[in-house]
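Thank you all for coming.

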Amino acid sequence: MKTDPCLMELIETARRMPNRGRTHLFLGHPLSDGCDKTTVEPGNVYSPGVWTCGISLSFVVGSQMITPDLLADDQIRWIFISRPGDPPLAESTYSVGPLAIRHSLAHLGGEGAEGVDFNAVEIEAAQPTIATIAILVRDVGPAGAKISSLAWDASARTLRINKSLLLICEPPPHDVLVAPAGGEWDSPAAALAFRITARPGSPFGLSFRTEHGFDERPFAASIPKRHPHSGLSVEQAFARVTQDWQSALPARIIAPDPRVPLAWERCAAHILAAMEGGLPRIGAVNYPVFWMRDCVIVLRALDLIGRHDLARTGNDYLAPLVFSGGFGAESDAPGEGIWALVSHARITGNWSACQKW
């Protein structure tokens, strides 16, 4: 394989680009670890977990090199849950010269830190256009961690990042360049390039997924691996996300203004994604455990959206704490603790649980 010389320029450009640092979206499962959450910016530039790197797209059309990292906010249409009842997909649409790009991103997770991010990219053009699209992998991403190693496995169409984070693409790229660390760069970077001819009415389709893995972390070898979503295609994953969302949010609302149920569903998705190990979180780094003042409000919200199972888990954790001295306690904590327990018992009718507490 002869490497396109523009790939090194793409990597060098990407290495010098900071992330936007604002307008973030979080994807995750309520039972997953905090490190398993995926952080996304406009254009679906993302970091697949807080211990990992940045993954984004870049385009070369003629002599022009464009990436959504550098587009103005109003040049990207970025939607999460398009309409009430739709699944929690992050969808970005934007234009690159004559190209129209639609990038859809979904996440499947569960207990532990073995989530998978699924990407579907469609590229159309108003006139036949030859272009290069590249998946760029670098250490700076929305979640901002460090790459220690990169290795490309052509037979499996897989880029192995830090031993166990996998980026798998379909179709296979035409060119792959892994740029080593050195000089002013203290980590490697990679570009997976696809040469395409986009035509009107005949979009080019690219799909890729990132399978989370943290084998380089302390004690990772002692944790059993299940990889529950690793064998799914992007199409299968999107169908599963759609199906799972029907049971993940039991309580829906109907209102004359569709913005009301849409806000309900978007807020519910974010509450569920931000949970860690089945407990509410208000900040995985600064507040690494259940912080009473804020999290009792999340427990109430969980009951209102129909997730009494998760609200019960939180109340079971909360009940034995000494509200005036447990971690997260403040002067108003006793009333907050009592309110959380009684509110859950009232809405579920499970007074026996309240008596047990």
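This is a predicted model: local features need pLDDT of at least 70, side-chain atom pairs count only at pLDDT 80 or more; totals for chains, interfaces and linings use all residues.

Let me begin with helix 4, residues 292-304, and helix 5, residues 308-318, whose axes come within 8 Å and cross at roughly 150 degrees. That angle makes helix 4 roughly antiparallel to helix 5, since angles over 145 degrees count as roughly antiparallel.

The way helix 4 passes helix 5 is a left-handed crossing. If you look for the residues that meet there, on helix 4 you will find Met 292, Val 296, Leu 299, Leu 302 and Asp 303, and on helix 5 they meet His 308, Leu 310, Ala 311, Gly 314, Asn 315 and Leu 318. Sorted by class, the residues of this contact between helix 4 and helix 5 are seven nonpolar, three polar and one charged.

Helix 5 also has a contact with helix 6, residues 333-348, and here the axes come within 10 Å and cross at roughly 145 degrees. This crossing of helix 5 and helix 6 is again described as left-handed. From helix 5 the contact uses His 308, Ala 311, Arg 312, Asn 315 and Leu 318, while helix 6 brings Gly 337, Ala 340, Leu 341, His 344, Ile 347 and Thr 348. By class, that contact of helix 5 with helix 6 has five nonpolar, five polar and one charged residues.

The classes for helix 4 with helix 6 are nine nonpolar, four polar and four charged residues.

Eight strands form an open sheet, in the order 6-7-8-9-16-13-12-11, and the pairing is antiparallel. At the edges stand strand 6, residues 77-80, and strand 11, residues 150-153, each of which has a single partner strand, so one side of each is left without a neighbour in the sheet. From one strand to the next, the twist averages 15 degrees.

Within this sheet, strand 8, residues 99-108, pairs with strand 9, residues 116-125, in the antiparallel sense over 10 bridges, and you can find Ala 100 standing opposite Glu 124 in strand 9. Helix 2, residues 234-248, packs on the sheet, where it touches strand 8, strand 9 and strand 16, residues 204-211, and the direction of helix 2 makes about 60 degrees with that of strand 8.

Strand 9 is also joined to strand 16, by eight bridges, and these two strands run antiparallel, with Asp 117 opposite Thr 210 in strand 16. Is strand 9 largely enclosed or largely open? Seven of its 10 residues are buried, so strand 9 is largely enclosed by the rest of the structure.

Definitions and conventions. Residues are numbered from 1 along each chain as its sequence is written. Side-chain values use heavy atoms; hydrogens and water are left out. Axes are lines fitted to C-alpha atoms, for helices over the stretch in contact, and angles run from 0 to 180 degrees between N-to-C directions. Helices (H or I, at least four residues) and strands (E, at least two) are DSSP runs, numbered from the N terminus. Angles under 35 degrees count as roughly parallel, over 145 as roughly antiparallel, 65 to 115 as roughly perpendicular and the rest as oblique. A crossing is left-handed if the near helix is turned anticlockwise from the far one by less than a right angle, and right-handed if clockwise. Contact means heavy atoms within 4.5 Å. Ala, Val, Leu, Ile, Met, Phe, Trp, Tyr, Cys and Pro count as nonpolar, Asp, Glu, Lys and Arg as charged, and the others, Gly among them, as polar. Two strands pair if DSSP finds at least two bridges between them. Buried means under 20% relative accessible area, exposed over 50%, partly exposed in between (1.4 Å probe, protein chains only).
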